[in-house]
Amino acid sequence: MERKNGVIRDHRDLDVYKMAFEAAMVVFSLSKEFPPEERYALTDQIRRSSRSVCGNLAEAWRKRRYQAAFVAKLNDAEAEAAETQTWLDFAAACDYLNSSARADLRTIYNNVIGKLVIMIQNPTPWIVR
């Protein structure tokens, strides 16, 4: 969905969603190179948590009528972004991910977390009355 006159009409219009979605796709691509023995551990975990950021943002968007529910889902998205950073650290420590890719993704997830924190601290503009 496109922005109309700067209006955000859908969760996919949110910059934070776009950043998280792109990052999750990078995580997916990079994790294809993880060894087979990590398939049910690190690979599944990092893919799940990175995608969950977007899923929680979508849920938060639909819960904007209720500030507490909206903020709770944003908190979940923030937690999933932080979890993804942890799995990235493990992937780098196990030499499945080079330090440059890890640093780039850490920066992106720091930005995602920062945007989520801003929304959490000031949810009023997002709430549907």
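Aspartate 15 lies in helix H1. The model is predicted, so local features need pLDDT of at least 70 and side-chain atom pairs pLDDT 80 or more, while totals for chains, interfaces and linings use all residues. Residues are numbered from 1 along each chain as its sequence is written, and side-chain values use heavy atoms, without hydrogens and water.

**Exercise 1**

Find out how exposed aspartate 15 is.

*Solution.* Take its relative accessible area, 40%. Next, recall the cut-offs: buried is under 20%, exposed over 50%, and partly exposed in between (1.4 Å probe, protein chains only). Aspartate 15 is therefore partly exposed.

**Exercise 2**

Which residues of H1 are buried, and how are they arranged around the axis?

*Solution.* Start with the list: Val16, Tyr17, Ala20, Ala23, Ala24, Val27 and Ser31. Then look at their arc, taken from the directions from the helix axis to the C-beta atoms. These residues cover only 130°, which puts them on the same side of H1.

**Exercise 3**

Describe how H3 and H4 pack.

*Solution.* First, locate H3 at residues 67-93 and H4 at residues 99-121. Their axes are 10 Å apart, at an angle of about 165°. That makes H3 roughly antiparallel to H4 (the term applies to angles over 145 degrees). Finally, sort the contact by class: 16 nonpolar, four polar and four charged residues.

Methods. Axes are lines fitted to C-alpha atoms, for helices over the stretch in contact, and angles run from 0 to 180 degrees between N-to-C directions. Helices (H or I, at least four residues) and strands (E, at least two) are DSSP runs, numbered from the N terminus. Angles under 35 degrees count as roughly parallel, over 145 as roughly antiparallel, 65 to 115 as roughly perpendicular and the rest as oblique. Ala, Val, Leu, Ile, Met, Phe, Trp, Tyr, Cys and Pro count as nonpolar, Asp, Glu, Lys and Arg as charged, and the others, Gly among them, as polar.
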